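Dear colleague,

Please find the structure below, followed by a short account of what was found in it.

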Amino acid sequence: MAAADKVDPIHQFQIHPIIPLHIGGYDVSFTNSSLFMVVTIVLASAFLYMSTASRALIPGRLQSISEMAYEFVGNMLRDAAGKQGMQFFPLVFSLFMFVLVANLIGLFPYFFTVTSHIIVTFTLAVLVIGTVIVYGFAKHGFGFLKLFVPHGVPGYLLPLVVAIEVISFVSRPVSLSVRLFANMLAGHITLKVFSGFVVSLSAFGALGIAGSVLPLAMAVALSALELLVAFLQAYVFAVLTCMYLNDALHPSH
Amino acid sequence: MFVTSAYAQESAPAAAEGDTHAGTAVPAAEHEAFPPFDAKTFPSQILWLVITFGLFYLFLKRVVMPRLGGIIDVRNDRITQDLDHAARLKGEADAAVAAYEQELAEAKANANKIGQQANDAAKAQAEDTRKKLEAELEKKLGEAEASIASIKAKAMKEVGTIAEDTTSAIVEALVGGKTDKSEIAAAVKSASR
């Protein structure tokens, strides 16, 4: 029974309060999820802060990593949204670093993965789309609605096209959040399942231990894949953010 | 707020459904919904995400990004400065090379001119000497020819008297007696014609 509990692949996503806290009828306890959010930002901030402390003209390894991340996101945003988009650089850079570091921390065994919860990724996506909407209306007024009316579409098709554009815009926060969440969730479940096989097979004596080599190899390969996915999903999140911000800057595409 | 309440409503029946399923299979452990969809944890996660991400955003915007941007700008400035410096030095080097080449060309032209002049002078002198020598030789030749001519003329004259003397002697010996000098001279003259 205890062994079965251990292998339960969902167990790793459970949230339990560390410091119980209730405000206005809502449970806002400081949980293991909150703890790892704090760990994420502290690690990321500390790395970025300390690696650049010497402000070396010729960067060391750690400073190079920080500079690479900075220029990587900067170029991404400039390519997608142009020079004007650079005002959102802090937002995109902090989103990228937050998601990346949260994903990477989640790869350690027994560590909680902040981004494996839909509400976290959804909140981040709402932040992005909220920024797009607020900035779009503030800058272009109702001209922002041109986003839903593409150029050169014949009049009789317009209602259909506008409906499609609106639906695609509304589905953006959903797809943005679900993509990241589902990748992290599925990856961690798969890892846990294959690691669980290793444990359960080892219980069947010598033959089982010999057989457990296969799921172990699989778990190793999956760890490498998950490392790639951690980077890739942070990148995808940042790229899509840049593209959506471009819509806020230039609604008439 | 709007989002969370909507999700809370949605997940309530889901939780109940989970309960009925769990009733048959696992009795005690599975009272909760699938954790990522458990709406009870949403307010806490949103609140702490807003707090942590907000702090992270502010820290990056105020501290980290100006610093990183500064480092990269300083480096770029330094690189452009160094490139400018290198370009200037290259320009100077090119100018020096051009000046050197020009000087070399001038020196070559000068050397050619001097050589040409020396050559011409030598030629002219040689020509001069040759002409002088030729003139001198010509003169000597003329003198020699004149003396030869005078000697020849004198000799020819003497030949006439010798012939007359010889003739008179021969005539005296053959004929005997005295001979007329003018007759013999006329005879010699007609014979030598």
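The axes of H5(A) and H6(A) come within 8 Å and cross at roughly 145°; axes are lines fitted to C-alpha atoms, for helices over the stretch in contact, with angles from 0 to 180 degrees between N-to-C directions. Helices are DSSP runs (H or I, at least four residues), numbered from the N terminus. This is a predicted model, in which local features need pLDDT of at least 70 and side-chain atom pairs count only at pLDDT 80 or more, while totals for chains, interfaces and linings use all residues. Residues are numbered from 1 along each chain as its sequence is written, and chains are lettered from A and ligands numbered from 1 in the order in which they are written.

Where H5(A) meets H6(A), the residues of H5(A) include Phe122(A) and Ile129(A), and those of H6(A) include Leu176(A) and Phe181(A). Contact here requires C-beta atoms, placed from the backbone, within 7 Å.

The largest nonpolar core has 57 residues, and Val92(A) and Phe96(A) are among those with the most contacts inside it. Such a core is a set of buried Ala, Val, Leu, Ile, Met, Phe, Trp, Tyr and Cys residues joined through C-beta atoms within 7 Å, buried meaning that 20 or more other C-beta atoms lie within 10 Å of a residue's own. H4(A) gives the most to this core, eleven residues. A second, separate core of five residues includes Leu191(A) and Leu222(A).

Between the chains, the contact takes 38 residues from chain A and 32 residues from chain B. On the chain A side, H2(A) supplies the largest share, nine residues.

Yours sincerely

Notes. Two residues are in contact if their C-beta atoms, placed from the backbone, lie within 7 Å. Helices (H or I, at least four residues) and strands (E, at least two) are DSSP runs, numbered from the N terminus. A residue is buried if 20 or more other C-beta atoms lie within 10 Å of its own, exposed if 12 or fewer, and partly exposed in between; C-beta atoms are placed from the backbone.
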